[in-house]
Amino acid sequence: MASGGHGCVSDPYEASVVPLWQTSTFCFEDPTHAPEYDYTRSGNPTRTALEHQLVALEGCRGSLSFVTGMAAVSTAVGLVPAGGLVVAGLDIYGGTSRYLDRVLPELGVESANVDLSDAAAVAAALDGARAAGRPAMLLLESPTNPRLDVLDLRSLAALAKARGALVAVDGSVMTPAVQRPLELGADVAIYSATKHLSGHSDVTAGVLSANDDEILRKLAFRRNAQGTALPPFECWLFLRGLKTLELRLARAGDNADAIARLLDAHPLVRSVRYPGLESHPNHDVQMAQTLALAGEKTRGGTLVSFTTGDVRLSRAVVMALERFSCAVSFGGTGSYASLPCYMSHASIPKEIREARGLPDDLVRISPGIENTQDLLDDLTRAFDIAAKQIQEEDEKAKEAEKQQRVA
Ligand SMILES: *Cc1c(COP(=O)(O)O)cnc(C)c1O
C-alpha cells in the first residue's frame, strides 16, 4: 500500500504528515485472523510512526513510548526482579527517588543511593549484590538535576557490566540528539519526553530505547500488560514536537550558555552550575560524551543552576522574573525558573536533600527558545529588584527591632 512519506505505516491518501489514528480499537476483516492493529493499548499506527523516528534519532534497535517519563522509569527499573538491587546516585530526579524509596521495597527490590563520582563505592555496592547472587541495576542520570553534576557514563557503564549489572541511563536532560547512552554502554536509555523531546510543555510522555531484543521484548510486554503506552493524540503531538528538536535545542543551548556566563559574572551569585562552563569540574567529561549535532552550545545541556547564599534572595529573584515562568519541568519553548527544594524535589526529605548537597537557595533555570538578550535583560533586572527588596526588608526589620528596644 502507499505510504505517504512516513514509510513505516501505510496511508492510502499519502498525507504528508503522519495522520492521527485517534481510535481505541480496529476492525477485524476475518475474526479468526488478527489484523496488524487490533487495539490501541497494544498498537496504533501513529505510535508506530513515532517510535520509528525515535529509533532513527537514537540510532538503536527499538524504542517504546510511554504515558509519562515515570512510566518509562518504573518499567525500566522493573527489569530488576524481586530480591534485586538498584544502585542510583545521590542527586536523582524527585519522582524517581520517590519510586525507589517508597514503591520498590513493596516489590521486594532494594535500592541504594551511592555517590556515583566515587567509583570504588559503586563497585563495592555492585560487588556486594553479585556476591549475594542478587540481580542489580545501575541507574544513572547525567547531568544530574538540579545539581548538574556530570558522570562519566562510559566508565560507570563498563564498571557495572563487568559485575553483571544492567545499566539504565535517564538522559532526559540531554536527549539522544546530544547524548546517546546506548553508545556509551547502557542497556536501556530512559527519557521523559515531557521535556525536550516533545518540547512544548503540552504533553506528558516517556521513552525507553534499547538494542537487546530480549530486553526490548520484556519492556514491550510489560508496557502492554500494564497499559502504559502513549495514547495516539499524544504520539501525534510528540511527532510534531520532534520536527523542531534540533532547532529548539540549538536556541535553548545558546540561551543556557549566555545565561550561565551572565550569572557567573554576577556579584550576587555565589556559585553557578552549567556543564558547558569551562570551570565546571567535569566539563571535559561532558564534552567527551556528547555530540554537537544540534550545535556546539547544546553540549552543555540547557539547564543552569545557581545559588545566592540566601534563600530570600533566590526567592525574590525568581518572583521578579517576567520572562521566566515559575514552574517545575524544563525543555519547553518557554523559560522556567524554580526553587527545586520547594518544588520538583520537595518530595525528598530535607535531611536527605541537605546530605545530597541540595541547598534551599538553589535556583534552577531552564531557558526556552526566546530571544537571548530578552532573557539576559530580564535576569539582570530581576536581580536588581530582588536586591533592593531584600535591602528594604532588612532595613525595616532593623528599624522594628530598634523601636522595640526603645519601648
Ligand atoms: C521529568 C523527569 C522524569 C519524569 O518524567 P515525567 O514525564 O514527569 O513522568 C524522569 N527523569 C527526569 C530526569 C526528569 O527530568
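Me: How many bridges join strand β6 to strand β7?
Reply: This is a predicted model. Strand β6 covers residues 188–192, and strand β7 covers residues 206–210. The two run antiparallel. The number of bridges joining them is 5.

Me: Which residue in β7 is the bridge partner of Ala189?
Reply: Strands of a sheet pair through backbone hydrogen bonds, either parallel or antiparallel. Here β6 and β7 take the antiparallel form. For Ala189, the partner in β7 is Ser209.

Me: Is Leu148 buried or exposed?
Reply: Leu148 lies in the loop between β4 and α5. Its phi is near 60°, a positive value in a residue other than glycine. Buried means under 20% relative accessible area. Leu148 has 1%, so it is buried.

Me: Which residue does a cis peptide bond join to Pro143?
Reply: Pro143 sits in the loop between β4 (136–141) and α5 (153–161). Pro146 is found in the loop between β4 and α5 too, and a cis peptide bond joins Pro146 to Asn145. For the bond to Pro143, omega is about -5°. The residue joined to Pro143 is Ser142.

Me: What is the relative accessible area of Ser201?
Reply: Ser201 is in the loop between β6 and β7. Its phi is near 55°, a positive value in a residue other than glycine. Ser201 is partly exposed. The relative accessible area is 40%.

Me: Which residues is His283 in contact with, leaving aside neighbours within four places in sequence?
Reply: His283 is found in helix α9, residues 283–288. It is buried, with a relative accessible area of 13%. The contacts are Pro275, Gly276, Leu277 and Glu278.

Me: What is the radius of gyration of the chain?
Reply: The chain has 407 residues. A compact globule of that length would have a radius near 22 Å. The value for the chain agrees with this: 23 Å.

Terms used:
Residues are numbered from 1 along each chain as its sequence is written. This is a predicted model: local features need pLDDT of at least 70, side-chain atom pairs count only at pLDDT 80 or more; totals for chains, interfaces and linings use all residues. Side-chain values use heavy atoms; hydrogens and water are left out. Two strands pair if DSSP finds at least two bridges between them. Helices (H or I, at least four residues) and strands (E, at least two) are DSSP runs, numbered from the N terminus. Buried means under 20% relative accessible area, exposed over 50%, partly exposed in between (1.4 Å probe, protein chains only). Contact means heavy atoms within 4.5 Å. The radius of gyration is taken over C-alpha atoms; the globule rule is 2.2 Å times the number of residues to the power 0.38.
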